[in-house]
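User: Can you walk me through the metal site and the ligand pocket of this one?
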Amino acid sequence: MTTADRHARCARAVARCDAFGAPPYSERGDQLVRRYLTGAHAASLEALRGWMGEAGMSVRCDGAANLIGRYEGVVAGAPALIIGSHIDTVRNGGRYDGALGVMLGIDCVQALKDSGRRLPFAVEVIAFGDEEGSRFPSSMTCSRAVAGRWDPSALQMRDAEGVTLADARTAFAEPLAGAETAARTPDEILAYLEAHIEQGPVLEAEDLPIGVVTTIAAQKRLAVRIGGVAGHAGTTPMALRRDPGPAAAEAILAIERICGESEAVVGTVGRIAGQPGAANVIPGAVEFSIDVRAPTSAARDHALARIEEEIQAIAARRGLTLSIALLQDLPESPCDPGLTAMLEDAVRAVGVAPRRLFSGAGHDAMVMAELCPTAMLFIRCKGGISHNPAESVDIADAALAARAMLGFIDILAETWPAPASPAA
Ligand code: GLV
Ligand code: MN
Ligand code: MN
């Protein structure tokens, strides 16, 4: 295939992401939001099913509503290289976070089909339904199910409208088998490869189109509730209030200060809600999220211990109640050194110096690492902007990424099956 053909194909991958930016693939017309198990999710599965089928894959939807396309190897039923990413978005998100990795995976398989190639292993493309946790409080529900880490208590999680995950599954357009049936076993999976926009500015700053991920940051998410006494905004003297609002403000500033003390730790309060949420009512409670990440679980937990201590002190000083619930705990996830070296070779082969990068963003790869060795390729995005409708990628960068992914597949094919160790 010529470079021009490859460019045209990647233009199509990017165009498919762009098409997914509007209804019916977005829940809203004025912004992109595609959350797990919504009508927009179902519509995107229908389109992906067609594209995966055209690329020569057999397609199925698993029990966690992941869409899986499978391109058999020379021998049917061989272990698979999985190429995956997610198709859910944050609210008012960008068009390439997750979706581009899925579309590029489909293009890689299309290239194999077009050249009539079968490999010593199967290639599967997975479109995970929930990575962001934008509908239910916990994220990466879908890769957890595939990695055999499904927790049935997740079925009781509620979205902002009070719908449980169990009910959302029942209402979904596709009939779903039990989520636990999505689990795969290590003997059927050879490796996991994820291509993803960088979501940061390093590649752009160094004028590099693609880079290779070494490790994904450890992250924890918590839900905090500070309770006080609701009251009239006009009649309750300031000294007599038990208002959780200023306490939440103090807590958020403490999070900023503590995380800011170490260059490696980042902390975010992305959601904050006062109850009942009226301009003329002192809130009875304020709830907010905390997301803390660091290169190691130890650094993350050290910062979080200090944060929790400070919030407890703030609540106690103000005579308020406090509850802190852990929603998510993901340790740091190093990519597999052997696969990463292969990916570096593949990047070098397309004429790019393989820049190693740490990922502050979470990815399905960190959960899949519990099932199989993983590798991740980053693609430059404009201004490093992500989780924002201004997200933008260059088609030429996507084309290079696809070439590197195919090169990685070739290298893997040359070294697979790994020579059996001599019998003792
Ligand atoms: C996903 O985008 C995350 O890093 O939270
Ligand atoms: Mn994201
Ligand atoms: Mn993502």
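Analyst: Here is a quick tour of the metal site, then the ligand. This is a predicted model, where local features need pLDDT of at least 70, side-chain atom pairs count only at pLDDT 80 or more, and totals for chains, interfaces and linings use all residues. Residues are numbered from 1 along each chain as its sequence is written, chains are lettered from A and ligands numbered from 1 in the order written, and side-chain values use heavy atoms, without hydrogens and water.

User: What coordinates the manganese ion (ligand 2)?
Analyst: D97 (OD), E132 (OE), E132 (OE) and H387 (NE2), at 2.1 to 2.7 Å. Donors are N, O and S atoms within 2.8 Å of the metal (3.2 Å for Na, K and Ca); water is not among the atoms, so sites may look incomplete.

User: Which residue coordinates both manganese ions, ligand 2 and ligand 3?
Analyst: D97 does, and the ions are 3.5 Å apart.

User: Is D97 buried or exposed?
Analyst: D97 is buried, at 5% relative accessible area. E132 is buried too, at 8%. Buried means under 20% relative accessible area, exposed over 50%, partly exposed in between (1.4 Å probe, protein chains only).

User: Switching topic. Where does ligand 1 sit?
Analyst: In the largest pocket. A pocket is an open set of points on a 1 Å grid over the protein atoms alone, where a 1.4 Å probe fits, with protein on both sides within 12 Å along at least five of seven lines. To sit there, more than half of a molecule's atoms must lie within 2 Å of its grid points.

User: Which polar side-chain atoms lie by its oxygens?
Analyst: R221 has one 3.3 Å from an oxygen atom of ligand 1, and H387 has one at 3.1 Å.

Terms used. Polar contact = N/O pair within 3.5 Å; in protein donor to acceptor, adjacent residues only side chain to side chain. 1 Å grid on protein atoms, 1.4 Å probe; cavity = no way out; pocket = protein on both sides within 12 Å on 5 of 7 lines; lining within 4 Å.
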